[in-house]
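Here is my note on the model you sent.

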Amino acid sequence: MVAAYLVLTSGWFVKSVVLPSLGSSLGGELTAEEVSLSPFSCLKAKGVRLKPRGGETLIELGGLEVRYGLFSILAGTIKVDELTLEAPVLSVISRRGGPSNLDSWLRTIPRSAPSRNQDRKSTRLNS
(Lines give C-alpha, C1' and ligand atoms only; values in the text may rest on other atoms or scores of the structure.)
Protein backbone atom coordinates (compact mmCIF):
# COMPACT_ATOMS: atom_id res chain seq x y z
CA MET A 1 0.00 0.00 0.00
CA VAL A 2 2.77 2.42 0.89
CA ALA A 3 4.63 1.73 -2.36
CA ALA A 4 1.43 2.18 -4.42
CA TYR A 5 0.70 5.46 -2.62
CA LEU A 6 4.23 6.74 -3.28
CA VAL A 7 4.06 5.82 -6.99
CA LEU A 8 0.52 7.13 -7.60
CA THR A 9 1.26 10.47 -5.94
CA SER A 10 4.67 10.98 -7.56
CA GLY A 11 5.31 13.72 -10.08
CA TRP A 12 6.60 11.07 -12.48
CA PHE A 13 3.27 9.18 -12.43
CA VAL A 14 1.22 12.35 -12.90
CA LYS A 15 3.44 13.54 -15.78
CA SER A 16 3.69 10.19 -17.59
CA VAL A 17 0.22 8.70 -16.98
CA VAL A 18 -2.32 11.29 -15.82
CA LEU A 19 -1.36 14.26 -18.03
CA PRO A 20 -1.26 12.26 -21.30
CA SER A 21 -4.67 10.77 -20.51
CA LEU A 22 -6.12 14.15 -19.59
CA GLY A 23 -4.53 15.73 -22.68
CA SER A 24 -6.10 13.08 -24.89
CA SER A 25 -9.53 13.80 -23.43
CA LEU A 26 -8.88 17.51 -24.08
CA GLY A 27 -8.06 16.80 -27.72
CA GLY A 28 -4.33 17.40 -27.58
CA GLU A 29 -1.10 16.96 -25.70
CA LEU A 30 -0.87 18.22 -22.11
CA THR A 31 2.60 18.45 -20.58
CA ALA A 32 4.29 19.92 -17.52
CA GLU A 33 7.92 20.41 -16.56
CA GLU A 34 7.35 19.77 -12.84
CA VAL A 35 4.40 18.34 -10.91
CA SER A 36 3.81 17.80 -7.21
CA LEU A 37 0.69 16.25 -5.78
CA SER A 38 -0.74 16.14 -2.30
CA PRO A 39 -3.66 13.84 -3.10
CA PHE A 40 -5.97 15.07 -0.35
CA SER A 41 -5.57 18.80 -0.93
CA CYS A 42 -3.32 20.26 -3.64
CA LEU A 43 -1.83 19.89 -7.11
CA LYS A 44 1.04 22.13 -8.23
CA ALA A 45 2.59 22.21 -11.69
CA LYS A 46 5.16 24.36 -13.47
CA GLY A 47 5.66 24.80 -17.21
CA VAL A 48 2.21 23.55 -18.24
CA ARG A 49 1.42 23.43 -21.97
CA LEU A 50 -1.62 22.37 -23.99
CA LYS A 51 -0.89 21.68 -27.64
CA PRO A 52 -3.88 20.69 -29.81
CA ARG A 53 -3.45 17.68 -32.11
CA GLY A 54 -1.60 18.81 -35.21
CA GLY A 55 -1.35 22.42 -34.07
CA GLU A 56 0.77 24.95 -32.27
CA THR A 57 0.79 25.41 -28.49
CA LEU A 58 -2.49 27.00 -27.45
CA ILE A 59 -2.09 27.49 -23.69
CA GLU A 60 1.06 27.94 -21.61
CA LEU A 61 1.16 28.44 -17.85
CA GLY A 62 4.24 29.35 -15.89
CA GLY A 63 2.60 27.68 -12.91
CA LEU A 64 -0.66 26.16 -11.78
CA GLU A 65 -1.89 25.49 -8.26
CA VAL A 66 -5.21 23.85 -7.45
CA ARG A 67 -6.40 23.44 -3.86
CA TYR A 68 -9.31 21.07 -3.42
CA GLY A 69 -10.97 18.67 -1.03
CA LEU A 70 -10.57 15.05 -2.14
CA PHE A 71 -13.43 13.77 -0.01
CA SER A 72 -15.83 16.27 -1.60
CA ILE A 73 -14.73 15.11 -5.05
CA LEU A 74 -15.22 11.46 -4.09
CA ALA A 75 -18.71 12.38 -2.85
CA GLY A 76 -19.57 13.86 -6.28
CA THR A 77 -19.02 17.57 -5.64
CA ILE A 78 -16.04 19.15 -7.34
CA LYS A 79 -15.03 21.76 -4.80
CA VAL A 80 -12.06 23.91 -5.76
CA ASP A 81 -10.97 26.10 -2.86
CA GLU A 82 -8.31 27.95 -4.83
CA LEU A 83 -7.09 28.02 -8.43
CA THR A 84 -3.95 30.01 -9.20
CA LEU A 85 -2.55 30.46 -12.72
CA GLU A 86 0.91 32.00 -13.00
CA ALA A 87 1.89 33.78 -16.23
CA PRO A 88 -0.95 32.38 -18.37
CA VAL A 89 -0.50 32.79 -22.14
CA LEU A 90 -3.22 31.97 -24.67
CA SER A 91 -1.77 31.92 -28.21
CA VAL A 92 -4.52 32.00 -30.81
CA ILE A 93 -3.04 31.71 -34.30
CA SER A 94 -5.42 32.66 -37.09
CA ARG A 95 -4.74 31.64 -40.67
CA ARG A 96 -6.04 33.66 -43.57
CA GLY A 97 -9.12 31.92 -44.93
CA GLY A 98 -8.80 29.03 -42.50
CA PRO A 99 -9.51 28.08 -38.94
CA SER A 100 -7.43 29.26 -36.01
CA ASN A 101 -5.66 26.83 -33.70
CA LEU A 102 -8.45 27.56 -31.19
CA ASP A 103 -11.14 26.57 -33.72
CA SER A 104 -9.23 23.41 -34.61
CA TRP A 105 -8.86 22.49 -30.94
CA LEU A 106 -12.52 23.11 -30.12
CA ARG A 107 -13.51 20.73 -32.94
CA THR A 108 -11.25 17.95 -31.61
CA ILE A 109 -12.61 17.90 -28.05
CA PRO A 110 -14.63 14.72 -27.65
CA ARG A 111 -18.23 15.43 -26.82
CA SER A 112 -20.72 12.98 -25.44
CA ALA A 113 -24.31 13.81 -24.76
CA PRO A 114 -26.26 11.66 -22.31
CA SER A 115 -29.22 9.91 -23.84
CA ARG A 116 -32.66 10.98 -22.69
CA ASN A 117 -33.39 7.59 -21.16
CA GLN A 118 -30.08 7.34 -19.36
CA ASP A 119 -30.02 7.99 -15.62
CA ARG A 120 -27.61 10.81 -14.88
CA LYS A 121 -25.84 11.47 -11.63
CA SER A 122 -25.08 15.15 -11.46
CA THR A 123 -21.77 16.54 -10.31
CA ARG A 124 -21.74 20.00 -8.79
CA LEU A 125 -18.90 22.45 -9.16
CA ASN A 126 -18.49 24.72 -6.15
CA SER A 127 -16.08 27.60 -5.78
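1. Fold. The protein has four helices and seven strands. This is a predicted model, so read every value below as computed from it. Along the sequence the elements run α-α-β-β-β-β-α-β-β-α-β. The protein has 127 residues, and 26% of them are buried.

2. Largest pocket, size and centre. How much space lies in the largest pocket? The volume is about 590 Å³. The lining counts 25 residues. Closest to the centre are Leu19, Leu22, Leu30, Leu43 and Leu64.

3. Two or more lining residues come from each of α2 (11-25), β1 (28-31), β2 (34-38), β3 (42-52), β4 (59-68) and β5 (77-86). Which classes make up this lining? There are 24 nonpolar residues and one polar residue, with no charged residue.

4. Second largest pocket. The volume here is about 150 Å³. Glu34, Val35 and Ser36 line this pocket, as do Lys44, Ala45 and Lys46. Gly63, Leu64 and Glu65 also belong to the lining, along with Thr84 and Glu86. The elements giving two or more residues are β2, β3, β4 and β5. By class, the lining has five charged, three polar and three nonpolar residues.

5. Leu64 is among the residues closest to the centre of the largest pocket. Leu64 is also found in the lining of the second largest pocket.

6. Helix α2, bend and burial. Where does α2 bend? The bend is at Val18, by about 35°. A proline, Pro20, follows within four residues. Buried residues in α2 are Gly11, Phe13, Val14, Leu19 and Gly23. Of these, Leu19 has already come up, as one of the residues closest to the centre of the largest pocket. An α-helix has 3.6 residues a turn, so residues three or four places apart point the same way. After α2 comes Gly27, with a positive phi near 80°.

7. Glu65. This residue sits in strand β4. Is Glu65 buried or exposed? Its relative accessible area is 17%, and the cut-off for buried is under 20%, so Glu65 counts as buried. The side chain of Glu65 has a polar contact with the side chain of Arg67, at 2.8 Å. Glu65 is also one of the residues lining the second largest pocket.

8. Glu86. This second glutamate is in strand β5 and also lines the second largest pocket. Glu86 is partly exposed, with a relative accessible area of 42%. What separates Glu86 from Glu60 in sequence and in space? They are 26 residues apart in sequence, and their C-alpha atoms are 9.5 Å apart.

9. Ala87. The loop between β5 and β6 (89-90) holds Ala87. Its phi is positive, about 50°, although Ala87 is not a glycine. The relative accessible area of Ala87 is 56%; exposed means over 50%, so Ala87 counts as exposed.

10. Thr31. Strand β1 contains Thr31. At 30% relative accessibility, Thr31 is partly exposed. Thr31 and Ser16 are 15 residues apart in sequence, with 8.9 Å between their C-alpha atoms.

11. Leu106. Helix α4 (residues 101-108) includes Leu106. Leu106 is partly exposed, at a relative accessible area of 34%. How far is Leu106 from Pro52 in sequence and in space? The sequence separation is 54 residues, and the C-alpha atoms are 9.0 Å apart.

Conventions: Residues numbered from 1 in each chain as written. Predicted model: local features only at pLDDT ≥ 70, side-chain atom pairs only at ≥ 80, totals over all residues. Heavy atoms only, no water. 1 Å grid on protein atoms, 1.4 Å probe; cavity = no way out; pocket = protein on both sides within 12 Å on 5 of 7 lines; lining within 4 Å. Points joined across faces, edges and corners; volume = space filled by probe spheres on them. Nonpolar A, V, L, I, M, F, W, Y, C, P; charged D, E, K, R; others polar. Bend = angle between axes of the 7 residues up to and from the residue. Buried < 20%, exposed > 50% of the residue type's maximum accessible area, 1.4 Å probe, protein only. Polar contact = N/O pair within 3.5 Å; in protein donor to acceptor, adjacent residues only side chain to side chain.
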